[in-house]
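Hi everyone, thanks for coming. I'd like to walk you through some surface features today, so let's bring the structure up.

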Amino acid sequence: MTSLFTKIISREIPAEIVYENDRIIAINDINPKAKTHILIIPKKEIATINDLKDNDRELLAELFYVAKDIAKKLWISEWYQLYFNVWEKWWQEVMHIHLHLLSEL
Ligand code: AMP
């Protein structure tokens, strides 16, 4: 089944896109838990961190570099939080990995 984020990537569902390249998209969270709440999402549909393959290493690393660059661009480099939800039965709502970037700056 196509994930919600794949539908956003293919523009089937609208979202506020803050960054995009061939491999990654970053969008504003629809229900922000902080002043800034951005989701950094690989275009490759990987359900959870537990589903990462060896050849996803570079892609996973790139998520963090994109996060760092977005934080710098938004002037929040001195105070932000990054996390993945992985507890599949509860916390992870969307089964397509995404790095949360939050800041109150
Ligand atoms: P998680 O609980 O880690 O799976 O996080 C999923 C996140 O996706 C939540 O913070 C939601 O608010 C967010 N979300 C759900 N639907 C959308 C949407 N259509 N556009 C942007 N963010 C969304």
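Let me start with a term: a residue is called exposed when its relative accessible area is over 50%, buried when that value is under 20%, and partly exposed in between. Please keep in mind that this is a predicted model.

With that in hand, look at Tyr65, which sits in helix α2, residues 57-73. Its relative accessible area is 53%, and because the cut-off is over 50%, Tyr65 counts as exposed. Tyr65 also belongs to a nonpolar surface patch with Phe64 and Leu82, and together the three have about 290 Å² of accessible area.

Now for the charged side chains. How many salt bridges does the structure hold? There are six.

One group of residues, Arg11, Glu20 and Lys43, is linked in a salt-bridge network. Glu20 pairs with Arg11 at 2.7 Å, N to O, and Glu20 also meets Lys43 at 2.8 Å. What about accessibility here? Arg11 is partly exposed at 49%, Glu20 is partly exposed at 32%, and Lys43 is partly exposed as well, at 25%.

Finally, have a look at Arg57 and Asp54. They form a salt bridge too, with the closest N and O atoms 3.3 Å apart. Are these two buried or exposed? Arg57 is exposed, at 60%, and Asp54 is exposed, at 62%.

That's my tour, and I'm happy to take questions!

Terms used:
Residues numbered from 1 in each chain as written. Predicted model: local features only at pLDDT ≥ 70, side-chain atom pairs only at ≥ 80, totals over all residues. Heavy atoms only, no water. Patch = residues over 30% accessible without salt bridge, like charges linked within 9 Å, V, L, I, M, F, W, Y side chains within 5 Å. Areas by Shrake-Rupley, 256 points an atom, 1.4 Å probe, with all protein chains shown as cover. Salt bridge = Lys/Arg side-chain N within 4 Å of Asp/Glu carboxyl O. Helix = DSSP H or I, 4+ residues; strand = E, 2+ residues; numbered from the N terminus. Buried < 20%, exposed > 50% of the residue type's maximum accessible area, 1.4 Å probe, protein only.
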